[in-house]
Amino acid sequence: MIKPRSAIALIGVGLVIAAGLSLGVPAASFAQEEFDTSQVSSITQNADTGITTCTNNADKAFSFQCAGTSATGYRQKDDSSSLYLDIQGHTGNPLRLYTDGAYNTSGSGSMNCTQGTYRSNHKGQWEMYNLVRENGRSAARLTAWAESGYGTVIGVWSPDCVGHFHKLPT
């Protein structure tokens, strides 16, 4: 039986040996295609700039029409990024917007994790700062409260934000 260190040495001279079998693959076949380093350098650059990788950034539609409180369902929150919000329309009085956190998508241990004050009367793409993950929660939802009468707001949101946007104003 060949020790692992010996197998690595043989790769350098042109043979691959696995589980004691000689596959007879010449080393030149590995060098026929150039190695594309552009992906490696971009990964390093992203890691150096602190960009967070997240998986739950798919935009989901929401529509709040309320004179009280309304909320989306809970969605898995994978990182400590802001909540992403794209307000596409609003009418009536501005609604107060919150980020609620919970231990799971069923809503257990629900708490307001909003960091700051946000209102719905600003079209565009925004971030809402929150402390969902920092408070030990792994799910988030967008909640609206009509603090001064009936209002509506529609758009899309995701629990994890990719990129940087301005903080949604008050």
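1. pLDDT is the predictor's confidence in each residue, from 0 to 100. The protein averages 78, and 68% of its residues score at least 70. Residues 1-52 fall below 50. That stretch still has 24 contacts in the model beyond near neighbours in sequence, a contact being heavy atoms within 4.5 Å.

2. This is a predicted model, in which local features need pLDDT of at least 70, side-chain atom pairs count only at pLDDT 80 or more, and totals for chains, interfaces and linings use all residues. Residues are numbered from 1 along each chain as its sequence is written, and side-chain values use heavy atoms, leaving out hydrogens and water.

3. The protein has two helices and 12 strands. These are DSSP runs numbered from the N terminus: helices are H or I with at least four residues, strands E with at least two. The order along the sequence is α-β-β-α-β-β-β-β-β-β-β-β-β-β.

4. The largest nonpolar core has 17 residues. Such a core joins buried Ala, Val, Leu, Ile, Met, Phe, Trp, Tyr and Cys residues through side-chain atoms within 4.5 Å. Phe 64, Leu 85, Leu 97, Met 128, Leu 142 and Leu 168 touch the most other members. Strands S3, S6, S10, S11 and S12 each supply at least two core residues.

5. Where does Thr 72 lie? Thr 72 sits in the loop between strand S4 (69-71) and strand S5 (75-76). Its relative accessible area is 14%, so Thr 72 is buried (under 20%; exposed is over 50%, partly exposed in between; 1.4 Å probe, protein chains only). Leaving aside neighbours within four places in sequence, Thr 72 contacts Phe 62, Phe 64, Arg 141, Leu 142 and Trp 157.
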